[in-house]
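This report concerns the fold of a protein chain and the aromatic side chains within it. Please look through the sequence and the structure before reading on.

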Amino acid sequence: MSWGISLILLSIIAVPSLLLSKKPNAKELLEKIEPYQGWIGLVFCFWGIWGIISAVLNVGWLSVAPILWVTYLVGNLLSALLGFMLGIGLMNKLFLSKNEAAKEKAEELRAKIAPKQGKLGIMGLAVGAWMIIASFLYTIA
């Protein structure tokens, strides 16, 4: 359930225009979060990558709970992608500052994903909600 809640929060941060159209007073809150956006993205990117690795290592869930496993994998993939989008600036500064080729590749990847950030954010909201619902419906003993 915590994965779903965190994915919803990440999606809200990644798609501020959607939130602002529903609640105009949310701009103040988003401005308060903006200085920490890179760190939030970095944490979620690594958390999503760890979740993808965990899903692959627990591929045995496919025989027991395939819907839960696919939900877990897709949720973590979205978390990693949205986290990457939010944290790429900080990642470049911290990890890739000396390696220009890696910095350019990261920016190319970001340029490819950037037009889809809104769709990824909306998908993140839906998958996050489904992750919460699925945590109540499906359990692994």
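The report turns to the chain as a whole, then to its aromatic pairs, and lastly to an asparagine.

The model described here is predicted. Its protein chain contains eight helices and zero strands. Read from the N terminus, the order of elements is therefore α-α-α-α-α-α-α-α. Of the 141 residues in the protein chain, 35% are buried. Among contacts in the protein chain with a separation of 6 or more, 76% are accounted for by residues 24 or more positions apart.

How many aromatic pairs does a search of the whole structure find? The search finds two. One of them is formed by Phe44 and Trp47, and this pair is tilted, with 5.6 Å from centre to centre and 35° between the planes. Both residues belong to helix H4, which covers residues 37-57. Phe44 and Trp47 are three residues apart, or about one turn of the helix.

The other pair consists of Trp61 and Tyr72, whose ring centres lie 5.5 Å apart with the planes at 45°. Why does this pair count as tilted? Planes under 30 degrees apart would count as stacked and planes over 60 as edge-to-face, so the angle of 45° makes the pair of Trp61 and Tyr72 tilted. Trp61 lies in helix H5 (residues 61-64), whereas Tyr72 lies in helix H6 (residues 66-94), so the pair ties together parts that are 11 residues apart in sequence.

| Residue | Relative accessible area | Class |
|---|---|---|
| Phe44 | 12% | buried |
| Trp47 | 29% | partly exposed |
| Trp61 | 26% | partly exposed |
| Tyr72 | 14% | buried |

In the second pair, Trp61 is partly exposed and Tyr72 is buried.

Helix H6 also holds Asn92. Is Asn92 buried or exposed? Asn92 has a relative accessibility of 8% and therefore counts as buried, because that class takes in values under 20%. Asn92 and Glu104 are 12 residues apart along the chain, and a distance of 9.5 Å separates their C-alpha atoms.

Definitions and conventions: Residues are numbered from 1 along each chain as its sequence is written. This is a predicted model: local features need pLDDT of at least 70, side-chain atom pairs count only at pLDDT 80 or more; totals for chains, interfaces and linings use all residues. Side-chain values use heavy atoms; hydrogens and water are left out. Rings of Phe, Tyr and Trp (its six-membered ring) pair if their centres lie within 6.5 Å; planes under 30 degrees apart count as stacked, over 60 as edge-to-face and the rest as tilted. Helices (H or I, at least four residues) and strands (E, at least two) are DSSP runs, numbered from the N terminus. Buried means under 20% relative accessible area, exposed over 50%, partly exposed in between (1.4 Å probe, protein chains only). Contact means heavy atoms within 4.5 Å.
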